[in-house]
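The sequence and the structure come first, and the description follows.

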Amino acid sequence: MSTSLGADRADEAVRIGALAPLTPPGWTEAGRHLLAGLELGVRDVNDAGGVGGRPLELVVRDTAADPQRAAAAVDELARLGVAAVAGEYHSVVARAAAARADALGLPFLCSSAVLDALTAQPTEWVARIAPAQSHGWRLYADFLLGAGHSRIAVATQPSVYWASGTGILREHIAPRGGSVVELDMSALGPAALCDALAVQGATALLLLVGHPEPAASVVRSVRRDPRLAGVLIGAPAGQPEFAEWATLLGADGAGIPFLRYLPERLTPLGARVEAALRERLAEAPSFVAFEGYDTIAVLADALRAHGTDRARTAASWPRVATDGTRGPIRFSRAPGISVRQWAWPPVQIVDRDPAAPDRFRVLHTG
């Protein structure tokens, strides 16, 4: 699948590889929003004259949330001669793509995956638009503590991403007098989870599980259990961001705080992009769509300034200065982060308003 400008100009185009989860078991709604942002970014770059008079062409590959498939796609894109690779939503998949890009000497600008250890060792080939997991999830932990929740339960599944999130929460909450209890959803069904919650006495349950299942079933079970009427359900990974969540759960899906990466006010560019994305998606764009757009804006600036040589593109990460949809984008070496990092995009903790589940409420910013 690719976004092409036509056969008459294809030989002149600067190709950018794009990775996104577009089919199950990938989170396809996130993939659709990410791709919409990437495609709109390419359109706007080309409408403004392209890169040195050459159009950008997006060469899209579906990762389907499969790390091996992502690594193979990076190999293929490198052979096709792309100037850089962009995108991806799932952290474990992005990690595989980043490792392969680093090995091949191919610049990879990661749009939306947050796992701190995106590569095993520090690399000059990979940069990231999204904030690192440790940054956002510490802010989320501060929000929980500030709201009076010090005994936290996490419903979790085996995954590097979920394990990393649990560790971040525990390391931040324990020194402040709180605790984090893990409930393994590979061993518990929703009813057994509710029984365990009632025994543990936790005041908050965080969904560190897949979407739509088992997340939706857990929410329904907790909402219907009178023993758990005072328990806050939270979703730091952002499951309630997308319209599918509200469609599946209705009122049950409201009042569940989650992380998203938007400012109080978009930049003027962001306001224009929001309108265009809304038209393209036929719904309100998520923060993931803005991450996709900003990815292309950064790559276009780097390619205009330094040409299409891969090594020069990667070497330009420290000099990036792009006005994005959510603020000025610069990359640096953040402590403990192995890739060049925008430190930091704006962070909000929001939920769907119980009085109107299609409306979001901003609960905390950082």
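Valine 154 has glutamate 182 of E8 as its bridge partner, in a model that is predicted. The chain crosses from E7 to E8 by way of helix H5, residues 160-173, and this β-α-β crossover is right-handed. Strand E7, which covers residues 151-156, pairs with E8 in the parallel sense over 6 bridges, and a further pair of partners is alanine 155 with leucine 183 in E8.

Two helices pack on the sheet to which this pair of strands belongs. Helix H6, residues 190-200, touches E7, E8 and strand E9 (204-208), and its direction makes about 160 degrees with that of E8. Helix H7, residues 215-224, touches E9 and E10 instead, and its direction makes about 165 degrees with that of E9. The sheet itself is open and is formed by 4 strands in the order E8-E7-E9-E10, with parallel pairing. Strand E8 (179-184) and strand E10 (232-234) are the edge strands, each of them pairing on one side only. With direction ignored, neighbouring strands of this sheet are turned by 25 degrees against each other on average.

A second open sheet has 3 strands in the order E11-E16-E17, and here the pairing is antiparallel. Its edge strands are strand E11 (258-260) and strand E17 (356-365), each of which pairs on one side only. From one strand to the next the twist averages 45 degrees. E16 and E17 are joined in the antiparallel sense over 6 bridges, and among the partners are valine 350 and, in E17, valine 362. Helix H4, residues 133-146, lies across E11, E16 and E17 and runs at about 135 degrees to E11.

Valine 85 has phenylalanine 108 as its bridge partner in E5. Between E4 and E5 the chain passes through helix H3, residues 91-104, in a β-α-β crossover that is right-handed.

| Strand pair | Sense | Bridges |
|---|---|---|
| E7 and E8 | parallel | 6 bridges |
| E16 and E17 | antiparallel | 6 bridges |

Helix H1 (residues 28-47) and helix H10 (residues 287-306) pack at an angle of about 35 degrees, with their axes 7 Å apart, and their crossing is right-handed. On the side of H1 the contact includes Ala30, Leu34, Gly37, Leu38, Gly41 and Val45, while the residues of H10 that take part include Val288, Ala289, Gly292, Ile296, Ala300 and Arg304. Sorted by class, the contact of H1 with H10 has 11 nonpolar, 5 polar and 2 charged residues.

Proline 24 and proline 25 are joined by a cis peptide bond, with omega at about 5 degrees, and proline 25 lies in the loop between strand E2 (14-20) and H1. Another cis peptide bond joins alanine 343 and tryptophan 344, where omega is about 0 degrees. Tryptophan 344 is found in the loop between strand E15 (340-342) and strand E16 (348-353). Alanine 64, a residue other than glycine, has a positive phi, near 50 degrees, and its place is in the loop between strand E3 (56-62) and helix H2 (67-79).

What confidence does the predictor assign to the chain, as a mean pLDDT? The mean pLDDT of the chain is 95, and 97% of its residues reach 70 or more.

Terms used. Residues are numbered from 1 along each chain as its sequence is written. This is a predicted model: local features need pLDDT of at least 70, side-chain atom pairs count only at pLDDT 80 or more; totals for chains, interfaces and linings use all residues. Side-chain values use heavy atoms; hydrogens and water are left out. Two strands pair if DSSP finds at least two bridges between them. Axes are lines fitted to C-alpha atoms, for helices over the stretch in contact, and angles run from 0 to 180 degrees between N-to-C directions. Contact means heavy atoms within 4.5 Å. A crossover is right-handed if, with the strands pointing away from the viewer, the path from the first strand over the helix to the second runs clockwise. A crossing is left-handed if the near helix is turned anticlockwise from the far one by less than a right angle, and right-handed if clockwise. Ala, Val, Leu, Ile, Met, Phe, Trp, Tyr, Cys and Pro count as nonpolar, Asp, Glu, Lys and Arg as charged, and the others, Gly among them, as polar. pLDDT is the predictor's confidence in each residue, from 0 to 100.
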